[in-house]
Amino acid sequence: MQIVWFKKDLRITDHRPLIEAMQHGTVLPLYVAEPELWQQPDASERQWCFVKECLKELDGDLRKLGQGLILRIGSVTDVLDELKMSCGVAGVWAHEETGNGWSFARDRTVSAWCRLNGVRFHEFPQTGVIRGLSSRDGWARKWDRFMRADILPAPKTLEPVLDEPFHLPTAADLGLEEDFCPGRQRGGRREGQRILSSFLAERAGPYRRSMSSPLSAERHCSRLSPYLAYGCVSMREVAQATWGRQRELKEQANPPQGWRGSLSSFAGRLHWHCHFMQKLEDAPSIEFKNLHPAYDGLRDVSNESVLAAWSAGQTGFPFVDACMRYLRHGGWVNFRMRAMLMAFASYHLWLDWREPGLHLARQFVDYEPGIHWPQVQMQSGTTGINTVRVYNPVKQGYDQDGGGEFVRRWVPELAAVPTSFIHEPWKWEGASSILDKSYPVPIVDHMSAAKAARQKIWALRKSEEFKLRSAAIQTKHGSRKSGLAQVQQKPKASRRKAETRGGDGGQMSFLFDGPNQS
């Protein structure tokens, strides 16, 4: 018996463990719903609801081949013990997972169980992340080779082994609290394929100029992030479909305006997806500890009232609150707004990044630990190698929602406020009728808070010890294309331009549009 253990790879196409296992014996496809995993502080009901839809479709696809998905509830090793006794197990086949700290420890436990029980454990890469990477040199070329390999077709048949009814546990069965998310995306491979097709054929044209505002990003970002996070579609499928569309446009005499540049930007973000995941793969402690230790103990870890106001979208800053409420409703917000939310919590509210990061993780249906935690630290200024960028929450409102449409939709308490004051209602002459009544006064003075935060952060960066540690971090984690070491060699004016253009030297080094996401 060969167990194919599905985790965050909920598909049968381009699934190497499934194809390889079939060459070695009878295959039993297995998914284990692990209560302990779903009780971790970064998990939520909205994520499980998405996964349930993926699993239901995966079971249907497997049943058409002859053997449905076997679903168990419990710990993986307990499930393997039971299957070994009832069916015999010769091998376990799975994709490598760059997950949270709990899943990393779980995978090591499964590997140890296999060794103890004389069972071969076979793991394969699923993305461009490289396990056991010794150096970042040549990483991009290896990514390209992986993505250009042939897409593995789905198997045509599976030998029936176990015929069991397929019952999905409820969120309550897994110990999850109720988390209503009416606007979230629907799970499943077919929905992921539909969204990929619509992006490449219909929606991607304005991508480059539309990704920053939540008004336009909802339609013109790819919206593929949850389907990649749970493996409904493979990164290789997305990359090759994108390249194919780029070739089509290149062959056209008069391609539609904006499309070629937008798809070039999107293709670059596919690299950034795996680039950030590689950081957590190489240093799992990024989920829990400051990447640069100079920032240890710097921020407030106990201001629960401020954290609660930020989490609820009740900070008194309309654009910040609108973004948080939008995220709570749909489980997604575009990358720039994710960065702003995290930076506002870290700089203006001076909160340690761990608890705000956990709140955002639970809100994101597309939560991908390998992208999320490096980005959380990047936006909080604790990596030691990225530009410190403090988003002005008022200016962001004017820049990304000039007419106040987004704020009015998600902060209805401000309905009476004139458009000219919608992003700064405290300046309106009628402010006393709303502020501190139906809507809070600003939780901080954003200008003075930002100034104080910059001074504290930059004060730590002046020492030679800080710079030496930063250089070591850059060597291990930085992009070889445009890292901080290269940026710092340029004159000051050129450096400022480079820092806002992209690369790991700048806060604008966007990952692809998912967490995850543009």
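Which residue forms a salt bridge with R46, and how far apart are the closest N and O atoms? The partner is D179, and those two atoms are 2.7 Å apart. A salt bridge here is a side-chain nitrogen of Lys or Arg within 4 Å of a carboxyl oxygen of Asp or Glu.

Before we look around, a word on what you are seeing. This is a predicted model, in which local features need pLDDT of at least 70 and side-chain atom pairs count only at pLDDT 80 or more, while totals for chains, interfaces and linings use all residues. Residues are numbered from 1 along each chain as its sequence is written, and side-chain values use heavy atoms, with hydrogens and water left out.

## How confident is the model?

The score called pLDDT is the predictor's confidence in each residue, from 0 to 100. The protein averages 91, and 92% of the residues score at least 70. Over residues 482-518, however, pLDDT stays under 50. Where pLDDT is low, the predicted coordinates should not be read in detail. For that stretch the model has 122 contacts beyond four places in sequence, where a contact means heavy atoms within 4.5 Å.

## The sheet and its helices

Helices (H or I, at least four residues) and strands (E, at least two) are DSSP runs, numbered from the N terminus. Five strands form an open, parallel sheet in the order β3-β2-β1-β4-β5. Two strands count as paired if DSSP finds at least two bridges between them. Strands β3 (70-73) and β5 (120-124) stand at the edges with a single partner strand each, so one side of each is left without a neighbour in the sheet. On average, neighbouring strands are turned by 25° against each other, direction ignored.

Strand β4 (residues 91-95) pairs with β5 over 5 bridges in the parallel sense. One of the residues to look up is G91, whose bridge partner in β5 is R120.

Helix α3 (residues 45-65) lies across β1 (2-6), β2 (27-33) and β3, running at about 165° to β2. Helix α4 (residues 76-86) packs on the sheet too, touching β1, β2, β3 and β4, and its direction makes about 145° with that of β2. For these angles, axes are lines fitted to C-alpha atoms, for helices over the stretch in contact, and angles run from 0 to 180 degrees between N-to-C directions.

## Salt bridges

Side chains of opposite charge can pair when their charged atoms come close. The count comes to 28 salt bridges. Here are three of them, with the relative accessible area of each partner. Buried means under 20%, exposed over 50%, and partly exposed in between (1.4 Å probe, protein chains only).

| Pair | N to O distance | Accessibility of each partner |
|---|---|---|
| R46 and D179 | 2.7 Å | R46 1%, D179 17% |
| E53 and R186 | 3.3 Å | E53 17%, R186 53% |
| R131 and E123 | 3.7 Å | R131 31%, E123 27% |

R46 is buried, and D179 is buried. In the second pair, E53 is buried, whereas R186 counts as exposed. R131 counts as partly exposed, and E123 is partly exposed.

R46 sits in helix α3 and D179 in the loop between α6 (139-148) and α7 (189-203), 133 residues apart. E53 lies in helix α3 and R186 in the loop between α6 and α7, so this pair ties together parts that are 133 residues apart in sequence.

## Inside the protein

A nonpolar core is a set of buried Ala, Val, Leu, Ile, Met, Phe, Trp, Tyr and Cys residues joined through side-chain atoms within 4.5 Å. The largest one has 124 residues, and those with the most contacts inside it are Y31, W48, L55 and W310. Helix α15 (residues 335-348) gives the most to this core, with 10 residues. Apart from it lies another core of 18 residues, including V89 and W113.

Beyond its neighbours within four places in sequence, W48 is in contact with residues including Y31, W38, L55 and P169. W310 belongs to helix α13 (residues 304-312), whose buried residues are V306, L307, A309, W310 and S311. These buried residues pack against α14 (318-330), α15 and α16 (354-363). After α13 comes G313, with a positive phi near 70°.
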